[in-house]
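Biologist: I am new to this structure and would like to learn how to read its features one at a time. Could you take me through a few of them?

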Amino acid sequence: MKKNRNSFSGSMGFVLAAAGSAVGLGNIWRFPFLAARDGGGLFLLVYIILTVTFGFTLLITEVAIGRRSAQGPLTAYGFFHKDWKFLGMFSFIVPFIIYPYYCVIGGWVLKYLYTYATFDYEKLCGDGYFGSFISARWEPIIFMTIFALACFYVVYRGVEKGIEKYSRIIMPSLVVLVIGISIYSLTISYTTESGVTRTGLQGAAVYFIPNFDGLTLRKFLMVVLDAMGQLFYSLSIAMGIMVAYGSYMKKEVNLGKAVDRIEICDTAIAILAGLMIIPAVYVFMGTEGMSAGPGLMFVALPKVFESMGFAGDILGLVFFIMVLFAAVTSAVSILEAITISVMDKFQWTRRKAVLIMAASGFVLSLVVCRGYNDWYFELPLPNGAVAQILDVFDYLSNNILMPIVSICTCILFGWIVKPRLLIGEMRLNGYAFRRKTLYIIMLRYVAPVLLAILLLGAFGLY
């Protein structure tokens, strides 16, 4: 059963790879616009509290599931209880759906990086440029293909020679770039035509200081749900990834300490991502620019970089290098989750498994690309959004299946298998597990309720 299974060389290899998965587009792209929309410091406070309670509970559970079973997500849940094999199928379907559109978005990032690298960046600031690019017939496919081939190569190389090796290079580089851009973002200033001067430090204040203006109980609940939804992106929860990476963790590695480090690294990067983006957007576009939503990275930021002159051109290049690093580490982990799943299930070699999974993902990526031209449609979703093919994939995976996977995981290990089995796995190698009582309460009671509320929102029931 284990003949094809690799492992991380040690604790640092696991932490870097897992943190690389967690620190993806969700942190660089999604976290800043949610923080800007949801009252800055208020969102940060709620997010941090949820990270050390709700997020920690699901994260350490999935890693422990992987190490205890030494199997990928498709078969791991059946290892604990044969009647819960269906949960493994859900955990496989989630990354299988996410990987194709993640490659498409990775291709968009690569296109923007290429444009900055070839000094053709002025066209990125044109109104409607992003829409015209993603709706083009061939260009998005070309960049998506290059991105997908890079991910395929890393996963094909295996765990230690591929994922761990490149994580050891990319993650430190990513951290340096994020810190550097964050510091620079605080130093900039801009005077408008009306004579109003805005500074990066003022933008940081907007980001860090809670804004309670007009706050109602309903709005606060929405902030909590936004922060909780963000944790799925930020910590790679319910995607099968942490189960897969946990299965590569050696028994002598202190699981609890490793997860603590992932928490710290991921949260720090998420906060820094907001610090490097929000002050810059505030300086050049005011609070109105901060409401750009999901288009913040591809629409608003290029205009911000153009406003900075030559420094902005360099910063734009560095920024998209950093975003590409983050996208690759996350996409690699998603592909690895589905690859190890079929390796464990069907006893395929890594070569066969990654070829089939990457090829399947590529076909679906082509479908997503076509969703912006030949197969374009506008589908109203229950949560009020209007969707194209990419949005439908995202809605099914992130809004529906991921909460379902997490709710079922809480039920299985909170009530049926019982928490003590995984707690024993966590305590190997002397981990004190001071949050044990909190963990049990969250696993059995709080997390399922919060997840159920999140799921109800996805169906448009509030």
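Biologist: Which residues in H14 meet which residues in H15?

Modeller: Before that, a caution: this is a predicted model, in which local features need pLDDT of at least 70, side-chain atom pairs count only at pLDDT 80 or more, and totals for chains, interfaces and linings use all residues. Residues are numbered from 1 along each chain as its sequence is written, and side-chain values use heavy atoms, with hydrogens and water left out. Contact means heavy atoms within 4.5 Å, and here Leu335, Glu336, Ile338, Thr339, Val342 and Met343 of H14 meet Arg350, Ala353, Val354, Met357 and Ala358 of H15. Sorted by class, that contact has 8 nonpolar, 1 polar and 2 charged residues.

Biologist: At what angle do helix H14 and helix H15 pack?

Modeller: Angles run from 0 to 180 degrees between N-to-C directions, with axes fitted to C-alpha atoms over the stretch in contact. Helix H14 (residues 310-346) and helix H15 (residues 350-370) pack at about 125 degrees, their axes lying 9 Å apart. Angles under 35 degrees count as roughly parallel, over 145 as roughly antiparallel, 65 to 115 as roughly perpendicular and the rest as oblique, so H14 and H15 are oblique to each other.

Biologist: Is Tyr47 buried or exposed?

Modeller: Buried means under 20% relative accessible area, exposed over 50%, and partly exposed in between, with a 1.4 Å probe and protein chains only. Tyr47, found in helix H3 (residues 41-69), has a relative accessible area of 0% and is therefore buried. Leaving aside residues up to four places away in sequence, Tyr47 touches several residues, among them Phe31, Ala227, Ser234 and Asp266.

Key:
Helices (H or I, at least four residues) and strands (E, at least two) are DSSP runs, numbered from the N terminus. Ala, Val, Leu, Ile, Met, Phe, Trp, Tyr, Cys and Pro count as nonpolar, Asp, Glu, Lys and Arg as charged, and the others, Gly among them, as polar.
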